[in-house]
Amino acid sequence: MIEVRWLHLSKRLAAIARFVPQSSRLADIGTDHAYLPIFLIQKHVISSAIAGEVNTGPYRSAEETLKRFALKSQVSLRLGDGLSVLHPGEAETVVIAGMGGPTIINILSQHPRVTQSVQRFIIQPMIATGLVRRWFVSHQWRIVAEDLVPEEGRLYEIVVAEPGCSPHLEDILYDIGPFLWNSRHPFLKEHISLLIRQYSRMRENMKASERAHASSKFSILSDKLEALEARRKCL
Ligand SMILES: C[S@@+](CC[C@H](N)C(=O)[O-])C[C@H]1O[C@@H](n2cnc3c(N)ncnc32)[C@H](O)[C@@H]1O
């Protein structure tokens with residue numbers, strides 16, 4: 001007899017799980033251990049899911065976990081790059097979590113017919129979330145929710161986007177997050193302080209090179225820092 005175990009998620013994955021609509025057809029891209037689909041099935045939020053993974057190591061670990069939780073028949077595990085594992089219309093909700101912003105943008109861009117058929121993207125970039133917000137807004141997606149989750153000394157950003165037009169955002173809100181700002185998220189000040197630290201470090205490094213110092217990137221970074229400081233003062 002197979003022993004049924006209950007999965008406990010990290011705070012970060014639990015926060016992502018809260019954005020998955022009841023009964024939606026879910027795909028978790030870059031699933032690694034497949035914890036997210038397993039948790040959502042155990043909680044009866046969804047009855048089945050697709051889990052995509054590009055690397056064989058994590059693919060095998062997902063296979064193992066699904067076997068251990070006796071959920072192999074409910075999760076279709078697929079080996080492949082990004083959205084290539086999906087047919088257009090196969091998934092309503094797609095989670096892409098734990099990767100860098102540029103990788104997420106690549107995944108969103110490479111299979112436009114699949115991307116266009118999705119009803120909701122839930123993304124959690126490890127870096128460069130501002131780039132992904134910008135990608136969404138300039139590709140007819142509107143940001144409908146955001147969250148910040150502190151865990152193990154980091155602050156994770158989650159962005160939820162659905163098809164539709166977004167009003168053009170003030171530049172600095174791509175970095176901060178429009179919902180995080182408008183809702184005065186409890187971790188907003190910490191989030192802005194982290195951005196200030198990160199951009200200051202980048203600017204300091206650029207000062208070492210005369211060319212970098214004179215570049216437009218340097219002045220964009222300086223403008224961003226000024227805007228972030230001004231926002232922080234309002235809190
Ligand atoms: C840090 S793990 C995050 C796992 C899980 N999504 C989470 O948030 O806990 C990133 C996973 O994404 C996978 N990955 C990276 N690029 C991918 C791509 N283009 N398509 C599918 N999976 C990818 C990696 O192999 C790895 O297993």
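User: Which are the buried residues of helix 2?
Analyst: This is a predicted model, so take everything here as computed. The buried residues are Leu36, Pro37, Ile38, Phe39, Leu40, Ile41 and Gln42. That makes 7 of the 8 residues of helix 2 (residues 35–42), so the helix is largely enclosed by the rest of the structure.

User: What covers the buried residues of helix 2?
Analyst: The cover includes helix 1, strand 1 (26–29), strand 2 (49–53), helix 3, strand 3 and strand 4.

User: And which residue with a positive phi follows helix 2?
Analyst: His44 does, with phi near 60 degrees. Most residues other than glycine have a negative phi.

User: Where else is there a positive phi on a residue that is not a glycine?
Analyst: Ala128 is one of them, with phi about 55 degrees. Ala128 sits in the loop between strand 5 and helix 6 (129–138). Arg184 is another, at about 45 degrees. Its loop runs between helix 8 (178–182) and helix 9.

User: How accessible are Ala128 and Arg184?
Analyst: Both fall in the middle class. Ala128 has a relative accessible area of 29%, so it counts as partly exposed. Arg184 is partly exposed too, with 44%.

User: New topic: the ligand. Which residues come nearest?
Analyst: There are 16 residues around the ligand, and Arg12, Gly30, Glu53, Asn55 and Asp81 come nearest.

User: How much of the ligand does the protein bury?
Analyst: The ligand taken alone exposes 600 Å², and the protein buries 81% of that.

User: Which elements give two or more residues to that shell?
Analyst: Helix 1 (11–17) and strand 4 (93–99). Strand 4 gives the most, with 3 residues.

User: What's the make-up of the shell by class?
Analyst: The shell has 6 nonpolar, 6 polar and 4 charged residues.

User: Switching to aromatics. How many aromatic pairs are there?
Analyst: The count is 4. One of them is Phe121 with Trp141: the ring centres are 5.1 Å apart and the planes are at 65 degrees, so the pair is edge-to-face.

User: Where are Phe121 and Trp141 in the chain?
Analyst: Phe121 is in strand 5 (residues 120–125) and Trp141 is in strand 6 (residues 141–151). They are 20 residues apart, and the pair links distant parts of the chain. Both residues are buried.

User: What about Trp135 and Phe136: what geometry does that pair have?
Analyst: Edge-to-face as well, with 5.8 Å centre to centre and 75 degrees between the planes. Trp135 and Phe136 are both buried.

User: Which residues do the ring pairs link into a cluster?
Analyst: Phe121, Trp135, Phe136 and Trp141.

User: Last topic. Is His191 buried or exposed?
Analyst: Buried, because its relative accessible area is 4%, and the cut-off is under 20%. His191 is in helix 9 (residues 188–207).

User: What is His191 in contact with, leaving aside neighbours within four places?
Analyst: Leu148, Leu155, Glu157, Asp175, Ile176 and Leu180.

User: Follow-up on Ile176. Where is it, and how far from His191?
Analyst: Ile176 is in helix 7 (residues 171–176). Ile176 and His191 are 7.6 Å apart, C-alpha to C-alpha, and 15 residues apart in sequence. Ile176 is buried, with a relative accessible area of 0%.

User: What else does Ile176 contact beyond its neighbours within four places?
Analyst: Besides His191, the contacts are Arg133, Glu157, Trp181, Leu188, Ile192, Leu195, Leu228 and Arg231. Glu157 is also in contact with His191.

Definitions and conventions. Residues numbered from 1 in each chain as written. Predicted model: local features only at pLDDT ≥ 70, side-chain atom pairs only at ≥ 80, totals over all residues. Heavy atoms only, no water. Near = heavy atom within 4 Å. Areas by Shrake-Rupley, 256 points an atom, 1.4 Å probe, with all protein chains shown as cover. Helix = DSSP H or I, 4+ residues; strand = E, 2+ residues; numbered from the N terminus. Nonpolar A, V, L, I, M, F, W, Y, C, P; charged D, E, K, R; others polar. Buried < 20%, exposed > 50% of the residue type's maximum accessible area, 1.4 Å probe, protein only. Contact = heavy atoms within 4.5 Å. Phe/Tyr/Trp six-rings, centres within 6.5 Å; stacked < 30°, edge-to-face > 60°.
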